[in-house]
Amino acid sequence: MRASDRARIDFAALYPDLIADGAAAVAAADPDARVLFNCVEGFPLSAVADAPAAALYLELWPPDIAYRDLTRWIEQARAQGSGRAVVIAAYVSALRTFEMDRAARPGAIEAAVLLTSIIAAAGAYHHVLAERDRLLVEGYYPEARRLRVGERRDLQAAWAFSARYVHLLSDAGLCQLDVGSLVLRDATSAPIPVSPTPAAGSVWVRASRTTDGTIVVHLLDLLDQTDDRWDAVRQPSPVRRGWRLDWPGHAVGTGMLAMSPWTAGGQAGRVDADDLPTFRRWLVIAAPTH
């Protein structure tokens with residue numbers, strides 16, 4: 001873009017000072033207030049990462065339409081954020097399209113629940129809630145849809161879970177671990193397809209070590225999904241039973257804790273790798289190493 005004198009404008013270079021000026025003005029008016037800056041489509045994250053915003057806030061749109069695009073941006077923001085929270089604005093347009101479609105609406109809600117779960121498992125926060133019980137389906141608050149009671153309950157379970165276990169999910173010092181040797185098996189001992197990135201037809205396996213040494217393993221069930229679009233109608237996530245985990249060389253075994261937003265109210269229970277609990281969508285396994 002060019003100014004009126006035809007000089008080229010470099011917005012990425014201008015934004016950090018704009019944010020700093022805004023933050024100073026806000027702090028002068030209210031010392032407890034903070035500012036946010038919206039990196040639309042991720043631009044210009046690197047340029048503004050050190051600016052005095054309360055969190056790194058990214059609003060993502062096409063062409064970043066796949067789950068792996070979300071996690072890539074989250075990893076980049078966490079690497080540059082100096083411990084600040086990462087917030088992802090990602091809207092489920094499927095709910096707008098199928099709001100009154102009795103057959104497709106559950107799949108649109110499933111898309112929202114899976115999207116929130118994947119963002120949380122990647123260590124970020126999902127901005128998708130409008131006023132009260134309305135879910136954003138576009139980048140403007142009038143474009144929101146009212147949730148029904150059961151739909152609201154499913155999403156609230158994911159949000160409450162993320163808040164309860166924030167120390168495991170969003171620890172600023174999380175160190176990612178290689179999951180190449182991790183194996184999942186079902187109740188018949190058959191191997192379950194796994195992937196280190198969230199991909200349709202597999203279980204996304206993500207593992208990290210917190211600053212206190214706890215190993216955290218996420219299992220995100222995408223086995224029954226046919227594509228990776230985060231705003232598209234999703235297949236219902238079935239209940240999974242009898243899964244077992246083997247990860248040679250890592251401290252996962254007897255005495256682990258496991259929890260899921262939709263099992264036992266999200267409460268943690270002691271398990272071992274040969275007897276993972278029944279769950280839907282998202283299972284978190286925590287293995288303290290001290």
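Reader: What are the ground rules for the values?

Author: This is a predicted model in which local features need pLDDT of at least 70 and side-chain atom pairs count only at pLDDT 80 or more, while totals for chains, interfaces and linings use all residues. Residues are numbered from 1 along each chain as its sequence is written, and side-chain values use heavy atoms, with hydrogens and water left out.

Reader: What is the mean pLDDT of the protein?

Author: The mean is 93, and 96% of the residues reach 70 or more; pLDDT is the predictor's confidence in each residue, from 0 to 100. Confidence is lowest in strand S15 (residues 269–271), at a mean of 91, and highest in S9, at 98. Strands (E, at least two residues) and helices (H or I, at least four) are DSSP runs, numbered from the N terminus.

Reader: Why is the aromatic pair of tyrosine 15 and phenylalanine 37 called tilted?

Author: Rings of Phe, Tyr and Trp (its six-membered ring) pair if their centres lie within 6.5 Å; planes under 30 degrees apart count as stacked, over 60 as edge-to-face and the rest as tilted. Here the centres are 4.9 Å apart and the planes make 55°, so the pair is tilted. Tyrosine 15 is in helix H1 (residues 11–29) and phenylalanine 37 in the loop between H1 and strand S1 (38–40), 22 residues apart.

Reader: Why is phenylalanine 37 called buried?

Author: Buried means under 20% relative accessible area, exposed over 50%, and partly exposed in between (1.4 Å probe, protein chains only). Phenylalanine 37 has 16%, so the residue is buried.

Reader: How do you know that the charged end of arginine 281 sits over the ring of tryptophan 262?

Author: The test asks for NZ of Lys or CZ of Arg within 6 Å of the ring centre and within 35 degrees of the ring normal. The charged end of arginine 281 is 4.6 Å from the centre of the tryptophan 262 ring and meets the definition. Arginine 281 is buried, because its relative accessible area is 1%. Its phi is near 70°, again positive.

Reader: What makes S10 and strand S11 (residues 215–221) paired strands?

Author: Two strands pair if DSSP finds at least two bridges between them. Seven bridges join S10 to S11, so the two pair, and they run antiparallel. Valine 205 stands opposite leucine 219 in S11. S10 and S11 form a hairpin with five residues between them.

Reader: Which way does strand S9 (residues 194–195) run against S10?

Author: S9 and S10 run parallel, joined by two bridges. The bridge partner of valine 194 in S10 is valine 203.

Reader: How many residues are in the largest nonpolar core?

Author: This core has 57 residues. A nonpolar core is a set of buried Ala, Val, Leu, Ile, Met, Phe, Trp, Tyr and Cys residues joined through side-chain atoms within 4.5 Å. Leu58, Leu70, Ile88 and Trp282 have the most contacts inside the largest core. Its largest share, 11 residues, comes from helix H5 (residues 105–121).
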